[in-house]
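Here is a short briefing to read alongside your model.

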Amino acid sequence: MIDIRDESSRDWQAVFRVISLAFGQSAEAELVERLRAAGDSVISLVAEDDEEVVAHVLLSKMDAPFPALALAPVSVIPARQRSGIGTALIQSAIERARSEGWSAVFVLGDPNYYKRFGFERPAAAGFTSPYAGPHFMMLRLSLSLTVTTGELKHAPAFAAVD
Ligand SMILES: CC(C)(COP(=O)(O)OP(=O)(O)OC[C@H]1O[C@@H](n2cnc3c(N)ncnc32)[C@H](O)[C@@H]1OP(=O)(O)O)[C@@H](O)C(=O)NCCC(=O)NCCS
């Protein structure tokens, strides 16, 4: 039975392991540590199965013309991928962001995967960002959000990632 809950400091070591296993390298796990240290981690959820952390997702602060978060990274340990855990975790993170009043979430990823959550390429197309391009998408959380252009800046920790 998968349990999705907020990360606590007791999970930090397990989260580092999960991210490193998912990506096959530690760069993304180190990014999460830098985001936490800078206070830019806003919503950080883990999926636990029988008290083992098997997946993690992070939403971090962005500079944007409205309250917005960046979704990255998302990690499911290889043995548990493609069984719906990533989808459930991302949906939980999005619902949390919506309930906390954030207006939008941006993601850089595969449109075929992220469209199931409502992320759209055209919605992000008017914004400037180092990540702008065919894999950059936005999910509008606030129905009253009408701004479609402006400058986006990810948290500074992202600048150190290749
Ligand atoms: C990408 C990832 C988070 C997805 O989580 P998951 O639990 O494996 O995915 P789910 O079981 O919820 O969803 C499976 C669906 O997503 C698709 N999918 C999974 N990974 C995908 C990927 N990298 N690109 C495109 N589609 C993908 C599957 O084909 C499947 O489609 P279906 O529902 O139509 O059958 C996970 O595979 C992972 O950790 N990968 C390595 C790290 C990574 O690439 N993270 C994302 C970038 S930040």
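Strand E4 (residues 68–76), helix H3 (residues 85–99) and strand E5 form a right-handed β-α-β unit. Right-handed here means that, with the strands pointing away from the viewer, the path from the first strand over the helix to the second runs clockwise. Helices (H or I, at least four residues) and strands (E, at least two) are DSSP runs, numbered from the N terminus.

This is a predicted model, in which local features need pLDDT of at least 70 and side-chain atom pairs count only at pLDDT 80 or more, while totals for chains, interfaces and linings use all residues. Residues are numbered from 1 along each chain as its sequence is written, and side-chain values use heavy atoms, with hydrogens and water left out.

**Strand E5 and its partners**
- E4 and E5 run parallel and are joined by four bridges; strands pair if DSSP finds at least two bridges between them.
- Alanine 68 has alanine 104 in E5 as its bridge partner.
- With strand E7 (residues 136–140), E5 pairs in the antiparallel sense over five bridges.
- Leucine 108 has phenylalanine 136 in E7 as its bridge partner.

**Around the ligand**
- A backbone N or O atom of serine 83 is 3.1 Å from a ligand oxygen atom.
- In tyrosine 113, a side-chain N or O atom lies 3.5 Å from an oxygen atom of the ligand.
- Glutamine 81 places a side-chain N or O atom 3.5 Å from a ligand nitrogen atom.

Key:
A polar contact is a pair of N or O atoms within 3.5 Å; within protein, one must be able to donate a hydrogen and the other to accept it, and residues adjacent in sequence count only if both atoms are side-chain atoms.
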